[in-house]
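Here's a friendly walk through some side-chain contacts in one protein. Have a look at the picture first, then read on.

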Amino acid sequence: MNYRGGGAPENSSLKGKTRGFTLAEVLITIGIIGLVAAMTMPMLIANHRKQVMLTKVKRTYNVLNNALERAKVDYGTDVNGWYLPKSGSQLEKSIFFVETYMLPYLNTVYYCKNKFEVSYCTEKKYNIRGDDWAYIGPVSEDFGTSFVLNDGVYVYVTVGEFAYTPSAGGYDETINRVVIQFDIDNYKGYNKLGYDIFMLELGGAEGLSKRNDADKNKFLPYGHNSSKSCDYYVSNINHACNPEVTYPGSYCLAYIVCNGWSFGDKYPW
């Protein structure tokens with residue numbers, strides 16, 4: 001006869017089972033998860049927004065330069081040889097350039113021409129600091145013209161001399177800089193340089209206004225200078241992608257392109 005030792009009988013139903021979480025432990029865990037999400041979600045959303053913005057900026061940059069390349073087939077590969085009026089207002093020169101060298105090679109949904117202050121033709125552009133603004137669009141004869149691409153990007157083109165107003169001394173009517181400002185989400189977004197508005201110039205900083213031998217046959221970021229380091233575009237010079245300077249934000253695209261189409265480590269957003 002076999003006898004078992006004393007003590008409580010073994011309950012085989014408890015073998016291999018572990019104790020579950022209490023309600024308090026579950027609530028604490030959920031709270032920690034919620035806290036981590038609250039801390040990380042804004043950063044994730046901001047990073048996603050920046051990547052979406054960057055994708056659209058690069059696409060617009062390529063669309064405009066592809067149009068320029070198509071125009072070269074019809075008007076010659078050297079843009080310096082293209083005809084541009086040497087007299088007339090900025091608006092008149094801009095309309096000529098847009099209608100001749102851009103619109104035939106782009107898919108657009110609106111063309112503003114000289115429609116002063118029409119809602120889809122004119123918008124406010126704020127600097128990267130957000131404390132100062134100017135109109136972009138056909139507001140008067142001293143402004144350029146604009147159009148909207150089929151993906152909703154607003155494009156404003158100004159041709160002429162920008163350093164002085166026509167009534168000021170030193171104004172040179174024969175200078176024809178070609179500057180583009182584009183807003184990737186039209187009037188619906190920030191309307192700020194470096195956030196959703198970016199600038200190009202035919203030839204960049206070494207373009208037509210400099211009258212030198214630089215590459216004037218491509219739309220380059222405004223202020224682009226091949227001899228400068230990327231930090232130049234976020235330094236303490238006017239127009240830099242730096243909220244602390246007097247005229248901030250114009251060089252933000254130059255900084256992005258210089259960093260291989262990335263925000264680098266000093267982008268002020």
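## Charges over rings

Lys228 sits over the face of Tyr232, 4.8 Å from the ring centre. Over the face of Trp133 you'll find Lys124, at 4.1 Å from the ring centre. A charge counts as sitting over a ring if NZ of Lys or CZ of Arg is within 6 Å of the ring centre and within 35 degrees of the ring normal.

Before going further, keep in mind that this is a predicted model: local features need pLDDT of at least 70, side-chain atom pairs count only at pLDDT 80 or more, and totals for chains, interfaces and linings use all residues. Residues are numbered from 1 along each chain as its sequence is written, and side-chain values use heavy atoms, with hydrogens and water left out.

## Aromatic pairs

The count comes to 19 aromatic pairs. Rings of Phe, Tyr and Trp (its six-membered ring) pair if their centres lie within 6.5 Å; planes under 30 degrees apart are stacked, over 60 edge-to-face, and the rest tilted. Trp82 and Tyr101 are stacked, because their ring centres are 4.4 Å apart and their planes are at 20°. Trp82 lies in the loop between α1 (23–75) and α2 (90–101) and Tyr101 in helix α2, so this pair ties together parts 19 residues apart in sequence. Helices (H or I, at least four residues) and strands (E, at least two) are DSSP runs, numbered from the N terminus.

Are these two buried or exposed? Trp82 is buried, at 7% relative accessible area, and Tyr101 is buried too, at 4%. Buried means under 20% relative accessible area, exposed over 50%, and partly exposed in between (1.4 Å probe, protein chains only).

## Disulfides

How many disulfides are there? There are three, taking a disulfide as a pair of cysteine sulfur atoms within 2.5 Å. Counting bonded cysteines along the chain, the pattern is 1-2, 3-6, 4-5.

Cys112 and Cys121 are linked with their sulfur atoms 2.2 Å apart, and at -95° about the S-S bond the link is left-handed. Cys112 is buried at 0%, and so is Cys121 at 0%. Cys230 joins Cys258, S to S 2.1 Å, and that disulfide is left-handed because its torsion is about -90°. Cys241 and Cys252 have their sulfur atoms 2.1 Å apart, and with 90° about the S-S bond their link is right-handed.
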